[in-house]
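Please find below a short note on the model shown here. The points may be read with the structure open alongside.

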Amino acid sequence: MPTTRSSAPWAAAAQRLGCVVALGLIAAGCSVNTYKPAIDRFGTATQQAREAYTKMEATVLAAHAEDLRQQMLRGDLRATLKPGTCNVRSERCEIMVVDRSGKSQPLHDQFDNINALMGDIADYAANLRAIVASDAPQQVTASVGAAAGSIKALSANIAKIKGAGADKNAAFIEPAANIIGWAVGEFVNLLQVDALRKATARANPVIQEALPILQESAIAASSVANAGFAKRVADLREAYRRAPGDRAALDRFEKEVRDFDTALRATSPAVFDAMATAHGDLTDALAGKNVSVADAYAAIEQFAAKAEALYKLIAALEAAAKASKKQNTR
Amino acid sequence: MSGDAKEIIAIARDTRTHLSTLELTLSSDIEAIEQDAFAANRPMTKAETTRHDQLRAMLAETRDAFVALGFVTLQALNNSDTVKRLRADIADANQQIQADLARLKKIAKFAEVTARILEGLAKLTGTLAGFVA
């Protein structure tokens, strides 16, 4: 019975291969699905931190532009057009501000590099999500399964052409292919985990080095926003001092103090600190360095909570500022 | 962190500390004048009012200085070599991930193409087997 003898070792070898791969995976404890929730959460939190940062940066730029406008209105600066702009064939039209010595600066400045750095980090987090979201292992498993059906048909057809009976190997093709398909799928899964490991190991020093810069940027931005609040609180406090019996003056003072308090409770620099910690833990968990996936996920959750709180607060302050502006223009 | 960004951050922190100290001192002085008059149950004297106005103006200027410091710090960090280098480094990491993603897609595509070729061969041999039969 040569056919039976030849088919049994083949199937057994396939089964052994499957078992070896399975044991290897269990030992390594590295299914990409293990990391998926953590990486998904890191991705959304990073995006939120980026959006919050962009809004904070916009506050700084708006405050600076307003300061320049005030200086123009006092006659200390003059508004003019950026050379080469605002002509019929120009590509842009931009205002420049010039002092008496001729030194100029744009009225509407931008901090492209810091913003882009934050954007690149958010893109990196999105790329990590793309790796864990890749369905390559499932696709490979499905393709090997489909191939098994074709091999079975092929084997039967060749046997017919040769005029021989049914190929007994055919009975083993499908189960063996299922095992191989699963094993190859798991191999691709290992490639995914390896890609995550390499990417986080490479990005981690960059994120840790960017931390003080992002923290300082956030502190600078929140100082600008806080200075605006502090000035309004001081003005309303003075208005109340001059009219201590005026209930409306007291209410306005009290409300501004409450709003400022809410803004001060925002933990903007801590968001980036939490981001760096979360990424460090994720890198170590992937590298198998004394940090469990659960610990990494907990650090990511903390970062996500801070990013979400900051984002909500900034959005609320933005809405309040818009409402207050609308009220003032009425 | 290395180079210019470190220096920018150190200067910004120092300046912010000085401004915060000045802000606290001015606020305390303003409060002291107001409380003295309130404790004596009288309006502020002319001298107190002048001093109060001066202190308030200085406090407002200090807060303007925070705004200016915030802008200058961000501008300096934005133009720093460190930020430019970090951008290049994270771009490298992103390129590596893109290459790995492309590799994963290639493997899936290869498996799919192999399955299709085998399917085609099975159909072809099926037709041939039909002729033989």
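1. Helices and strands are runs assigned by DSSP, a helix having at least four residues and a strand at least two, and they are numbered from the N terminus. The model under discussion is predicted. In chain B there are three helices and zero strands. Read from the N terminus, the order of elements in chain B is α-α-α.

2. How does the spread of chain B compare with a compact globule? Its radius of gyration is 36 Å, whereas the globule rule gives 14 Å for 133 residues; the value is well over that figure, so chain B is more spread out than a compact globule. The C-alpha trace of chain B spans about 120 × 35 × 15 Å along its principal axes.

3. Two further values describe the interior of chain B. Of its 133 residues, 27% are buried. If one takes the contacts in chain B between residues at least 6 apart in sequence, 78% of them join residues at least 24 apart.

4. Which parts of chain B touch chain A? The contact between the chains draws 52 residues from chain B and 60 residues from chain A. On the side of chain B that touches chain A, α1 (4–39), α2 and α3 (81–132) each supply at least two residues. Helix α3(B) provides the largest share of that side, with 32 residues. Sorted by class, the side of chain B that touches chain A comprises 30 nonpolar, 11 polar and 11 charged residues.

5. Helix α3 (residues 112–133) of chain A packs against helix α2 (residues 46–78) of chain B at an angle of about 70 degrees, and their axes are 7 Å apart. Angles from 65 to 115 degrees count as roughly perpendicular, and α3(A) is therefore roughly perpendicular to α2(B).

6. The residues that meet in this pair can be named. From α3(A) come D112(A), N113(A) and I114(A), and they meet L74(B), L77(B) and N78(B) of α2(B). By class, this contact of α3(A) with α2(B) holds three nonpolar, two polar and one charged residues.

7. Chain A also contains helix α4 (residues 136–162), which has 27 residues. From its first C-alpha to its last, α4(A) reaches 38 Å, close to the 39 Å expected at 1.5 Å a residue. What follows α4(A)? The helix is followed by G163(A), whose phi is positive, near 85 degrees.

Conventions. Residues numbered from 1 in each chain as written. Chains lettered and ligands numbered in written order. Predicted model: local features only at pLDDT ≥ 70, side-chain atom pairs only at ≥ 80, totals over all residues. Axes fitted to C-alpha atoms, helices over the stretch in contact; angles between N-to-C directions. Parallel < 35°, antiparallel > 145°, perpendicular 65-115°, else oblique. Contact = placed C-beta atoms within 7 Å. Nonpolar A, V, L, I, M, F, W, Y, C, P; charged D, E, K, R; others polar. Rg over C-alpha atoms; globule rule 2.2 N^0.38 Å. Buried ≥ 20, exposed ≤ 12 C-beta atoms within 10 Å, placed from the backbone. Expected span 1.5 Å × (residues − 1).
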